[in-house]
Structures are given as structure tokens and as C-alpha cells.
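Student: I have a new structure open and would like to learn how to read it. Could you take me through it step by step?

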Amino acid sequence: MYPWLAEAIETSTVIVTASRRLARDLHHEHARQQIASAHSAWHMAQIHFRGDWLNKLIDSADLSRPWPVRIDQNSSVILWERCLARHAPDPLLSFANAVRLCRQAWQRLHEHAVPLAEVSRFARSADQQQFAQAARAYNETLRSNNWIDAALLPALVAEALESRTILAPAKVLFAGFDRLSPAMEHIIEKLRNQSCKVEVTGAMDRNARLIGQTFRDRQQELRAAGFWVRQFLCKSPQARVAIICPDLQVDAAAAARLVREGLAPGWQYANEASRNAVDVSYGQRLCDFPAVAVALLLLRWLQQGLPSRDIGVLLRSPFIVSQSVSGRSRCELELRRWPDREWTPASLASLLSGRDDAEDTGHWFAALEQIAAFTEKHRGDASPALWAERFDRLLTALGWPGGSVLDSAGYQLLNRWRTMLSEFAATGLVTPRRSMSAAIDRICSMASEVIFQPELEGGIVQLLGALEASGLSFDAAWVCRMDSTHWPPPPNPLALVSRALQEKYSMPDATPHDSFEFAELVLRRIRGSATDVVLSWANSDGETELSPSRLLASLPVMKDDYLTDPGWHAAQLQDPAGLVTLEADPAPPVIPGEKVAGGAATVQMQASEPFTAFARGRLRIREIPAIESGLPATLKGSILHQALHAFLAGKPDSGTIAAWPDTDIGARIDRALSVALVPARLHLDAVHRRLLEFERQRLRTIMKKFVEAERSRPPFAIENVEHGIEFERFGVRLALRVDRIDRLADNSRLIIDYKTGMPKALLDRDGNLLDLQLVVYAMAAGEPIGGLALINIDSRAITYKGTGGSVDWDPKRSADWSERLNSWIETAEVALRQLAEGDVRVNVHRLEQESGNLAILSRVEELKHVG
């Protein structure tokens, strides 16, 4: 695979690579060669990534002279932030992006030995001038403290080689460098001055077959690439195969999914080996891994309250407290009833205390106490090393990263997190002491910059970027995105350095010609890295038409019609021929002692959509409410219901209500609202309490209108408010709660339900009942029923929608009231009997949005196409 490797190692040559991936691959290849030669042990080969090699040279130097102290990337970032704050104090500036651009420019300037005076002299724009000033300040900070960063390291090594403070090895081989920077060429010159034999491996030329193929779009292209790998490995199981995607960093996860679709159809429900079959070189930000995201939320909670969504993540997380989340999930549902706000551990404990007695809930409250105690104990400044130790101990005490046994990827993630904490501790060199808040901010910033990809076992194809593949060797390689838009890739000159200066020192991408030549060089290197190479491109990207890269025009490309897109695996699961038989899977009937949830609403669901009644009533599937800003409509409706209950708790009759003086009515309303609002105020912050005061004023006006409407009704006496009834029919047990039952002048009962949302009707224009809820209440009441009524209570109007023989809202239909009520009761009884028998039919005539989040469970859309 690497014909020069065995000889280089045998002659004790130091191998320096352009990437860590190439260094790792060469170590693996060396180990494979030793095992193939039946060796049970061997000396470690001297193979190093370029940066590690430079540091190793410094470590081997003569310590008699005062060497500058090396600072790491994170310390460098802190220094750049300080310099930019002084010289580019723009409040709208994105510091993270600005620091990234400054460090990139600083690195490239030193790779090409550009004096800072030239940077200032060539600066034209305000951004370029501010960078020049910040760079001078950064350089002075390093010089005055005798510090050195990674960009200055090559110059220091070259100087030490020249003075022979560092002794050169006998042989050095540079591998995987598409082009060497002037700084590295300077080091090579100094190595040779010490009689070191230096070699630079060029691009290999192993290609025997070059195929070009076009596809409709990118999805087709990547699926076909995965399918091609599958076919190739079936013929040559031990082959090393790679898919090279120039824009992999844009969305590596999506690209990997498409490759898996062709490589391992059905990987979504297959074993872990199928999911790990694609070894993706480009990782994701450390903060995006769920376990790390949870750790960062916990640390954030030490410095400030967290919004409800973040608290919900912690409550549902298996990475802390315990593996079980059943009790905490119920607490999270309670949290969703309240407005989105920032919760401290104390305010959250106040809200959730006593809500659930599960074991994991108890552990959660213990964790809240630990978090509060930590914040109280550690208020002063401390060194980064001490903060790192404290945070690590706290996370461990909170059970992070979970109680389950970690797999290989989990261990690697945990090690990378702790390595990052060690890197944070090392920033004490430039920031000896920090507050807790500043320490947490820095750790969160570092986690957002670290790119991590665990080394997964079982990867059978490498998915790489074009530059990441530098120096690597394969048996076969597929290079995608070879269209004119993506190859050559868009140039990336330095944004903070004058273009004229970049051209003067021949920096990368300084001119279009340089970008084109480099793309040509990389493509030549990739073509020579494997025996079989496929170059592919898509004809379109969305609505944009694409054409092949002009770099392909001069290549001896053949076409292969066998390189096809296998399509989506899910499409193969369709059954157009009707070969799949659906086995009957009836729901069991209601068993003795079973209590059906949902009350009267479940009966209405049974009449209109039996499956929904089964799911909501018997399986107790609940729709998870969204977390809302402001006062949620459900909370405002609940407050109004409670206020009406408190207002009418004395069960006054219509005469009593009519006799109340207006001043007395206002006082009664205020008392009722106070009773309803006190529990809500307890768990609201200052902003929401202010909103609650506005809501109080609104409700006061509504309740006054309600009293006026009640006074205009015929005589009645309130018999029950918020009346609970245990109802059973055909073995179906329901817990009902009736908003109100009035006794009318003829001694019959009026069943009332308050509606606080959009106004609702009880009957349609033809007199047909729209909802069985009040009918079920009437069946449960067991008294002569004179009518059913909905009272729509809204800030605009109080409206009554009712029907019956003893109420005047429905005079045209009062004569046949008993007949209509009995007919509705029969309908409700049919629904109750079907519910008891386990009827779970799916109503395929409902609109898709009416099925809601149960549509995927009922498969209603699929059933619409059956028969």
C-alpha cells in the first residue's frame, strides 16, 4: 500500500506527515506488515504528525538556554481576544469568528515569513488595519512574556537547528504534503545543513482505471457511491476503499447517511456494525454530543437560571442522576404547564416538590441541592486548574455521564471531555485566576470549537474530505462532487490581509490561477492514490443545473453503466403486488377494574375515531404540550375555571345573584380571582407576575360580563360546581368532572360546561349534536335533565349555546327534547359498548391534520391507500 514505508522504517527514518490521519494510517500499515511477517513484537516506528514532530524536536533540545514557553491554542485564543478588544472594539463584532480569522492569518503569515511591518504597510481596509494593530499587540505580548505559539514554532526549530541546539536525525521523510510552506522548506534546508538526508514523497501514480459517471442529483450520487463500495468489497473483502467528498464539512452526517443507504440498505434498523460501516473523517463539535451538551447545561446552571426547554432536557436526560427517567419525565410534563422562564434550582424545587415520588425524582431533588450548595460555596475567583477539578468532581457527583457501561465511543468522548478540561487548566498560564462564570464561559466556548470524531471499530469504507485524504493510499476511491461549482473549490484567501501582500508572498489562493493549479495538483494526487478511481458529479443541485469540472476535460475518463443508484431502501418495503398479509391484532376488551382516562371526551373520540379513543383513553397516550412564552392559554383557562368555581362555590340561586349590589359583586370577583391566582403567582417570575396582573384585570372584566349574563337568565339554582362523578357503563369506568349543574324552575337539571377558548357550538345548523360530552354528563347525573348548555366565556362576549325542554335557548326543538336526548344517549351507549369491546377501527375519512401525532401509530395514511 505504501511501497516506501518498510524501507524507511528499517533505516530508522523519521517520517513526518501532513495529517494525524495519515500518521495513524501508517502506524496501522506498519503493524499489519509486522503481523504478516509473524512478528509478535516490534519497535515503535518514528512516525509523527508535523506539529507533534516540531514539539518533539523542541523537547530534545539543549536545555541550557532559556527557551520560550509554548502556549496552546486556547491560550492563544484568549490573547487574541484581549488584543482585539483593544484594537477592534466593535460591539457587533463576532469575537469567535474574528479570532478564528486572526489566528488563520497569523499562521499563514508565519508560514510564509511575512514581516508584520509589511502587513501594516499593505493594509488598506479598516479590518486589515485593525488586524495589523492587533497582530502587533499579540506579538508584543508573546515577546514580553517569553511565550511562543504554534505559528512561531517552525521558525524557532529552524533557528535551533542552525545553531545546533537541536541535532537533526540522520534521515527524515515528509509524507502527504501537497505543497510545503516556506517555513517547512526553511526547516528542511537547516536539516540538510546538518547532513540529514531529507526526502519528500510525491503523489503516487497507481491508477489503472479511471471512470467518470454523472447522476441526477447528490442523493443519487452518494447512494451510488455506497452501492459501488458494497459491490467492490464483495469481490475483494480485504480492500481499502474510500469515498472522497470535497465539501464534506458542510454536512458530514447527511453524506454518511446517504452512503450507508447504498452500502448497507436497512442500516437504520440493523445492528451497530451496519451503522459504523462508514468511517467519517469529519466529526462534529464537542458541544453537540448529547452527553457533553448536558454537562454544559449543568455548568451553565451554576451561573444563571435555565429556560424551561433546557430544564426539560436535563429532566429527561439519562446522562445524570440515574438511568431511569420515568419520574423526572412526569415532572417535565408538569413543567410544561407553566410559562417559559429562567429556573434556578431553588425555584424548580419549589415547583416540582411533591409532584412525584419515584426513586429517580428523589435523586433529582438531591442533585438540585448539590448544585445550589456548589454555587453557594464557590463564589470567589480561582485558578483554571482548580475550576476544572471542581467541575469534574461536581459532574461525577451528579452521575454524569450516566450509569450505563460506556462503549468505546463513550469512553473516547469522556476522555476528550477531560482532555479539554486539562486544556482549560493550561490556560492558567495567561489567565491565572477566573471567576466561576468566566470559567464556565470559557469551557463552553472551547467545547464549541473542538471537533471530535470517535474512532469506530468496523468501518469498512472511509468518507473523507479532499485535503484529509492527502498522502493516503487505497485500493479503490470514489471522488464525488466533481462539478464545476464544487471543483475547483471556491478560493479562500485571507480576509484580514491585503490581497496585494498575499500575491507578493505567493500565499495559497492569492490568485485564481493559484487556486486552479492547487485543485489540479490535489486531483492528480487523489487519482494516483488508488488503482480504481471513480469521478462523479450531479447534473443538478436543487434548481441549479451543474456541469462537469473543466479539470476533467483532459482526463482519460471511461464510462461505466453499472455504476447505478440503488434508490431508497424504504421503497423496497412497499407491496404493490399485495404479497404482504396483515395479521389481525385485535385490542383486548376492557377488563374488570380498568379505569379509562379522558372522561367524557373519550366517548366522543370513540364515536368519531375509535383508534384515538383507545390510544388516549386506554393506552393513556398524551400529547406533550409545547413550552410557551408568556401565559399559556391552558393556564389562563385553568385560572378562569378556578375563579368561577370560587365565585359560585356558595351555590347561589338566580335571585341571590340578582340581589347582589354592584360593589359586592366586584369584591366577590376580586376574592375569587385571588383564590385562583395565588397558586399561579407562587411559581412565576417577576415578568410573568406582571403579566398575571394584566390577566387579572382582563378576567375581572370578563366575570362582570358573566354576572350580567347570568342575571338575564330565567330562574335557576346552582346545585353543583366542579362536580366529580364516578361513572360506569358496560364495564367502562370513567372519572367525570362537570363544571356546573343548575336546577331549573321545573326541578329538572341543566348540565353546563364552560368553554374559555374559541367559541363552540353544541348543535349544528340542522340540530345535530356535535359532541357527546354533555350527554355523558347527563347519563351520569341520574336526574331528570332539562337541558344541556355550553357557556362560551370570552373577553368579547358571553354566549350560551344550549338545547333542551326547559331552557329558552332552543324554543324550536324543546317539544321533542326527551326523544332527542334519548337518541343521543343511545349513540353514547353504542360508543361505550364499542369501547368496552376493544374497538380500535381507524377512521380513514378524517383529514391528516385531524389525526395529529397519532397518525404514524394508526398508519391512517397507509390505510387510505389499501383497497
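Student: In which helix is His 30 found?

Tutor: Helices (H or I, at least four residues) and strands (E, at least two) are DSSP runs, numbered from the N terminus. His 30 belongs to helix α2, residues 20–36. Before we go on, note that this is a predicted model: local features need pLDDT of at least 70, side-chain atom pairs count only at pLDDT 80 or more, and totals for chains, interfaces and linings use all residues. Residues are numbered from 1 along each chain as its sequence is written, and side-chain values use heavy atoms, with hydrogens and water left out.

Student: Is His 30 buried or exposed?

Tutor: Buried means under 20% relative accessible area, exposed over 50%, and partly exposed in between (1.4 Å probe, protein chains only). His 30 counts as buried because its relative accessible area is 5%.

Student: Which residues does His 30 touch?

Tutor: Contact means heavy atoms within 4.5 Å. Not counting residues up to four places away in sequence, His 30 touches Leu 5, Ile 9, Trp 42, His 43 and Ala 45.

Student: How can I check the span of helix α7?

Tutor: The expected span of a helix is 1.5 Å times one less than its number of residues. Helix α7 (residues 126–145) has 20 residues, so it should span 28 Å; its end C-alpha atoms are 29 Å apart, which agrees.

Student: What do the buried residues of α7 pack against?

Tutor: They pack against α4 (73–87), α5 (95–111), α6 (116–122) and β4 (147–148). Among the buried residues of α7 are Phe 131, Tyr 138 and Leu 142. After α7 comes Asn 146, with a positive phi near 55 degrees.

Student: Where is Ala 831, and what is it in contact with?

Tutor: Ala 831 sits in helix α30, residues 817–837. It is buried, because its relative accessibility is 3%. Leaving aside neighbours within four places in sequence, Ala 831 is in contact with Val 603, Gln 606 and Ala 607. From Ala 831 to Glu 159 there are 672 residues in sequence and 90 Å in space, C-alpha to C-alpha.

Student: And why does Ala 667 count as partly exposed?

Tutor: Ala 667 has 32% relative accessibility, so it counts as partly exposed. You will find Ala 667 in helix α27, residues 662–682.

Student: Where is Ala 597 found?

Tutor: Ala 597 lies in the loop between β19 (595–596) and α23 (600–608). Leaving aside neighbours within four places in sequence, Ala 597 is in contact with Thr 602, Arg 616, Gly 617 and Arg 620.

Student: Now for the whole chain: how many helices and strands are there?

Tutor: The protein has 33 helices and 24 strands. Buried residues make up 49% of its 867 residues. Among contacts between residues at least 6 apart in sequence, 75% join residues at least 24 apart.

Student: What radius of gyration does the protein have?

Tutor: The radius of gyration is taken over C-alpha atoms, and the globule rule is 2.2 Å times the number of residues to the power 0.38. A compact globule of 867 residues would have a value near 29 Å, but the protein has 37 Å. Along its principal axes, the C-alpha trace spans about 115 × 70 × 55 Å.
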